[in-house]
Amino acid sequence: MCKKLTGRNTLLAKLSYTTLPSARKEMIMNKEIPYKIYLEENEMPKQWYNVRADMKQKPAPLLNPKTLKPSTVDELSQVFCRELAIQEIDDTTPYFDIPEDILNFYKMYRPSPLTRAYCLEEKLQTPAHIYYKFEGNNTSGSHKLNSAIAQAFYAKKQGLKGVTTETGAGQWGTALSMACSYLDLDCQVYMVKCSYEMKPFRREVMRTFGANVTPSPSMLTNVGRQINAEFPGTNGSLGCAISEAVEAATSQDGYRYVLGSVLSQVMLHQSIIGLETKAALDKYGVKADIIIGCAGGGSNLGGLIAPFAGEMLRGEADYKLIAVEPASCPTLTRGVYTYDYCDTGKVCPLAKMYTLGSGFMPSASHSGGLRYHGMSSVVSELYHQGLMEARSVEQTEVFKAAETFARIEGILPAPESSHAIKVAIDEALKCKETGEAKNIVFGLTGTGYFDMYAYQAYNDGKMSDYIPTDEELAKAINAIPKFDV
Ligand SMILES: *Cc1c(COP(=O)(O)O)cnc(C)c1O
């Protein structure tokens with residue numbers, strides 16, 4: 001058992017016998033780091049931070065696939081809500097006020113705790129100090145709710161009837177269905193077929209919140225019918241589902257499309273994670289050395305690192321930032337940096353990003369949320385500028401890390417989040433060798449309660465690691481058109 005647990009009990013006892021605020025004040029003054037570093041409600045950030053404003057070399061703009069000219073707000077507004085289209089294009093405004101209604105919704109589950117992983121540190125016998133920002137403390141179980149409520153809010157404000165979207169593992173669809181039911185908006189979700197079948201519980205949570213869930217590729221859209229004809233029996237992919245959801249939005253009156261990752265507007269909303277993390281660390285005078293996040297489309301990572309990357313860009317501080325991706329979908333570590341389609345059906349704007357090619361069909365790995373072929377153009381550009389490192393890790397070692405973490409810290413982590421745990425543990429073990437007491441911060445994006453088939457495969461010793469060969473990757477990468485831009 002973790003010895004520090006006695007410490008925790010004493011601490012809890014102390015807290016319950018004293019009035020909480022003054023006990024906290026005392027701890028802060030003594031710089032004694034509690035297990036949970038809470039911000040008070042009035043210390044919550046009231047603005048989102050747009051890291052693009054501090055980038056000298058901006059991320060490349062989205063392009064209209066027909067004209068190959070930068071997409072305008074008017075063009076994007078045909079697909080997205082207008083206010084979100086404005087946020088998407090704005091790369092100069094550093095701060096955006098968070099509307100009152102969104103702040104109030106955030107208060108139902110935020111600020112999220114930043115936890116000092118004392119027990120994990122002791123288990124690893126590392127001199128490193130490990131902190132994790134836990135975003136799984138809401139019914140949707142992940143950070144995606146931070147952007148879902150923002151996007152639903154702007155849709156409602158615009159007077160729309162509803163929104164359409166895709167979901168891979170189901171977390172985004174779940175978050176969006178919660179946000180839509182809260183604001184009384186219709187929610188149509190195209191769910192990647194393998195997840196629809198493998199994750200019936202997420203599907204049912206969405207339906208319980210009132211969403212309409214369709215397995216993708218479906219026969220409801222032109223693009224779905226095309227993909228089904230071209231790849232009979234396909235398990236689907238995020239890229240296909242995106243195309244279907246976009247078609248559904250543009251072919252119905254009063255609907256727009258919303259997306260849970262990749263876009264710069266999503267990163268903007270997710271900056272709440274990094275801003276809270278930084279505020280909490282600052283409160284205790286802790287300077288992070290290493291910041292780690294898992295990377296699917298890049299939104300939680302981008303949001304977590306945003307204020308830290310901002311300091312680096314302004315020359316105020318230095319951090320080691322690490323993106324972690326699955327070896328089965330190695331976008332940053334083995335992809336190419338180029339303009340590519342965001343979706344299989346080629347209906348979305350083109351984005352310059354690290355990509356494996358929009359035709360890349362990842363293996364049915366369990367890290368559903370990390371299987372996208374591309375990467376946020378902001379994260380891609382930061383990586384390209386050398387501000388960030390990337391690592392790819394294999395599935396079984398990720399679950400081993402998840403198991404270690406669950407057993408000692410008492411949280412069942414999402415497989416996606418466990419990619420960050422794995423590298424946090426690796427870095428903590430390096431500190432053990434060098435004797436350095438580095439401050440390691442990682443994003444724990446969600447819970448794994450709906451991933452029990454994956455845990456079952458791991459527990460039964462039936463999990464395999466799949467690493468695509470160079471030839472397999474080359475196929476989709478070589479199929480990326482050479483856009484004349
Ligand atoms: C969706 C998801 C991710 C990956 O998405 P990003 O946009 O890269 O953040 C990671 N963890 C969880 C729990 C998710 O639901």
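Two strands count as paired here if DSSP finds at least two bridges between them, and the helices (H or I, at least four residues) and strands (E, at least two) are DSSP runs, numbered from the N terminus. With that in hand, in E11 the bridge partner of Ile290 is Lys320. This is a predicted model, where local features need pLDDT of at least 70 and side-chain atom pairs count only at pLDDT 80 or more, while totals for chains, interfaces and linings use all residues. Residues are numbered from 1 along each chain as its sequence is written, and side-chain values use heavy atoms, with hydrogens and water left out.

How confident is the predictor? Its per-residue confidence, pLDDT, runs from 0 to 100; the mean for the protein is 92, and 94% of its residues reach 70 or more. Over residues 9-18, though, pLDDT is below 50, and beyond near neighbours in sequence that stretch has nine contacts (heavy atoms within 4.5 Å) in the model. Where pLDDT is low, the predicted coordinates should not be read in detail.

Back to the Ile290 pair. Strand E10 (residues 290-294) and strand E11 (residues 320-326) run parallel, joined by five bridges. Both belong to an open, mixed sheet of seven strands, ordered E1-E4-E5-E15-E10-E11-E14. Strands E1 (36-37) and E14 (389-393) are at the edges with a single partner strand each, so one side of each has no neighbour in the sheet. Helix H14 (residues 299-313) packs on this sheet and touches E10, E11 and strand E15 (439-444); its direction makes about 155 degrees with that of E10. Such angles run from 0 to 180 degrees between N-to-C directions, and axes are lines fitted to C-alpha atoms, for helices over the stretch in contact.

Elsewhere, strand E6 (residues 162-167) runs parallel to E7, with six bridges between them. One of the pairs is Thr165 with Val189 in E7. Six of the seven residues of E7 (residues 186-192) are buried, meaning under 20% relative accessible area with a 1.4 Å probe, protein chains only.

Now for two helix pairs. The axes of H11 (residues 222-230) and H12 (residues 238-250) come within 8 Å and cross at roughly 150 degrees, which makes the two roughly antiparallel (over 145 degrees; 65 to 115 counts as roughly perpendicular). Asn222, Val223, Gly224 and Ile227 of H11 meet Cys240, Ser243, Glu244 and Glu247 of H12. Helices H17 (residues 395-409) and H18 (residues 415-434) pack at about 85 degrees, with axes 8 Å apart, and are therefore roughly perpendicular.

How values were computed: Angles under 35 degrees count as roughly parallel, over 145 as roughly antiparallel, 65 to 115 as roughly perpendicular and the rest as oblique. pLDDT is the predictor's confidence in each residue, from 0 to 100. Buried means under 20% relative accessible area, exposed over 50%, partly exposed in between (1.4 Å probe, protein chains only).
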